[in-house]
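Please keep the sequence and the structure in view while reading.

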Amino acid sequence: MKYINLFAQELYAACDEKLGKEEIVQRIEKPKHEELGDYAFPCFDLARMKRETPKRIAANIASRIHSAHFEKVEAVGPYINVFLKKETVAYEVVRKILQEGSHYGTSNLGKGGAVTIDLSSPNIAKPFSMGHLRSTVIGNALALILEKSGYRPVRINHLGDWGTQFGKLITAYRKWGNEAQVRQNTIKELLALYIKFHEEADLTPSLLDDGRKAFKSLEEGDPDAVALWKWFREESLQEFNRIYQLMGITFDSTNGEAFYNDKMQCVVELLEEKELLTESQGAMVVEVDDHLPPCLIKKKDGATLYATRDLAAALYRYETYGFNQALYVVGNEQSLHFKQVFKVLKKMGYEWADQMHHITFGMMLKDGKKMSTRKGKVVLLEEVLKEAIALAKENINTKNPLLKNKQIIAEQIGVGAVMFHDLKNDRRNDIDFSLEDMLRVEGETGPYVQYTNARACSILRKGQFQSEKNSSIIVDKEAWPIITRLNEFPMAVNRAVKEYDPSQVAKYVLDLSRSFNKYYGQTRILDDKTHMNARLKLVSAVSIVLTEGLRLLGLHAPEEM
């Protein structure tokens with residue numbers, strides 16, 4: 001960012017302040033071809049302001065720019081192209097990385113402000129499926145990226161531990177459940193019971209009434225129903241925590257839906273006080289605006305809904321954490337719900353509602369279709385992780401049988417492969433589940449980036465690298481693309497924060513890995529003893545940034561594979 005700002009400062013002075021500095025920064029581009037320079041500035045907007053041709057403006061401004069960091073500034077048609085002074089920039093970038101280590105790219109953008117992040121949120125008494133992977137890994141990566149940028153993330157696992165599905169499950173357990181079998185394999189047995197309930201309900205619709213009655217008894221505190229619910233919840237949390245531990249994910253709160261049962265009446269009373277509640281066909285709603293349907297607060301029978309619960313949760317979180325931002329990492333299909341909730345909070349007079357954001361993401365598909373727990377069409381995350389780890393270990397035994405700590409490294413590779421496959425994609429797009437694609441060691445995969453870092457670490461060990469040695473940085477043609485990539489890491493982190501998009505970091509580490517592997521293929525790093533340590537400085541900088549980039553995505557960076 002430093003060199004973009006230098007370029008912007010020179011442009012600001014040379015274009016007679018027709019554009020603000022931030023406007024200039026936003027317009028600076030990265031040329032598609034190296035021969036066109038390191039940065040470019042199009043002069044079309046200035047041409048409209050000054051009523052001159054963009055070509056003439058570009059030539060005029062280029063002639064007025066001078067900086068010790070620029071090797072050359074030239075006008076090419078309507079563009080001003082700048083070439084950075086390679087030796088100066090390389091020395092500054094690599095020295096900064098070696099000095100700052102994992103802190104490279106850290107900023108104080110958030111100034112310590114709290115950001116609550118609603119992520120993962122699986123339903124208890126159901127297995128942790130691949131469908132929950134997206135919210136989990138996107139939310140976790142955002143927390144890590146925000147933390148690096150000076151925010152204070154609060155990770156909240158808003159468990160789905162309440163609702164009519166528990167009435168259905170209690171009914172199914174009472175009708176067909178076997179306690180010994182359920183205790184032996186709790187979640188799989190409960191899933192089978194849940195699926196059986198819906199199959200039987202298709203044939204006997206009165207079962208749905210039984211399910212509703214069972215949930216009503218749970219709401220009313222029936223001891224037997226409450227005991228079953230608590231058992232389902234405890235067993236589910238044990239399974240979830242085993243998976244979270246494998247993925248290296250922790251939470252600051254696991255307050256689920258049930259936590260807000262005694263807090264919703266307060267929301268209803270507040271809405272009544274503010275005269276926002278209106279009746280609609282016997283139900284109580286809040287009219288949000290002309291473009292959205294009313295937000296349903298209480299059903300005709302008096303039961304509260306998701307919106308009531310999320311309003312209660314928002315008020316509790318603001319009172320508890322005093323958040324600067326509140327993020328909800330939830331699928332695209334809930335867009336209307338969150339628009340309504342945020343609008344209701346704003347109508348209640350809470351200005352902080354403007355800082356609440358729905359971080360949407362697409363679905364995880366199987367064979368192009370949505371996964372469904374109800375119909376049994378579900379891929380279990382734990383089974384996917386175990387298979388990925390087994391395949392990674394098999395690969396290690398084939399390629400590096402003498403590797404120490406095989407199981408730990410296999411877990412880092414296998415789990416990392418599954419997580420990276422999700423995070424490299426724009427979060428808003430749907431993803432088709434493919435274990436084969438996730439585990440490839442070549443191409444756009446986690447193992448590819450991890451292997452690149454392990455290769456860099458191997459080179460450093462063989463070269464007995466000593467970072468304190470007073471050597472320069474060799475900037476040959478092959479090394480320059482790496483320098484420019486290293487320089488861009490803070491910008492990639494910044495983009496990820498502004499766009500709430502971890503794929504910015506994932507794409508960055510892929511680009512850096514490709515640049516380094518190309519350099520490795522073209523340069524005999526360890527053969528030239530005179531310049532070896534200077535080249536090893538570059539290798540060390542690459543390893544530092546790859547390791548930190550992977551960490552921000554929630555992945556490990558093993559030094560050997």
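The model is predicted: local features need pLDDT of at least 70, side-chain atom pairs count only at pLDDT 80 or more, and totals for chains, interfaces and linings use all residues. Residues are numbered from 1 along each chain as its sequence is written, and side-chain values use heavy atoms, with hydrogens and water left out.

**Helix α16**
- Helices (H or I, at least four residues) and strands (E, at least two) are DSSP runs, numbered from the N terminus.
- Helix α16 comprises 18 residues, 406–423, and its first and last C-alpha lie 25 Å apart, close to the expected 26 Å (1.5 Å times one less than the number of residues).
- At Ala-417, α16 bends by about 25 degrees (the angle between axes fitted to the seven residues ending there and the seven starting there).
- Of the 18 residues in α16, 14 are buried (under 20% relative accessible area; exposed is over 50%, partly exposed in between; 1.4 Å probe, protein chains only).

**Three-stranded sheet**
- The strands of an open sheet run in the order β12-β11-β13, with mixed pairing (two strands pair if DSSP finds at least two bridges between them).
- Because β12 (369–370) and β13 (431–432) each have a single partner strand, one side of each lacks a neighbour in the sheet.
- Strand β11 (residues 364–366) pairs with β13 in the parallel sense over two bridges, and Met-364 has Ile-431 of β13 as its bridge partner.

**Cysteines**
- The whole structure contains zero disulfides (pairs of cysteine sulfur atoms within 2.5 Å).
- For Cys-43, the nearest cysteine sulfur is that of Cys-15, 8.6 Å away; Cys-43 is buried, at 0% relative accessibility.
- For Cys-266, the nearest cysteine sulfur is that of Cys-295, 16 Å away; Cys-266 is partly exposed, at 43% relative accessibility.
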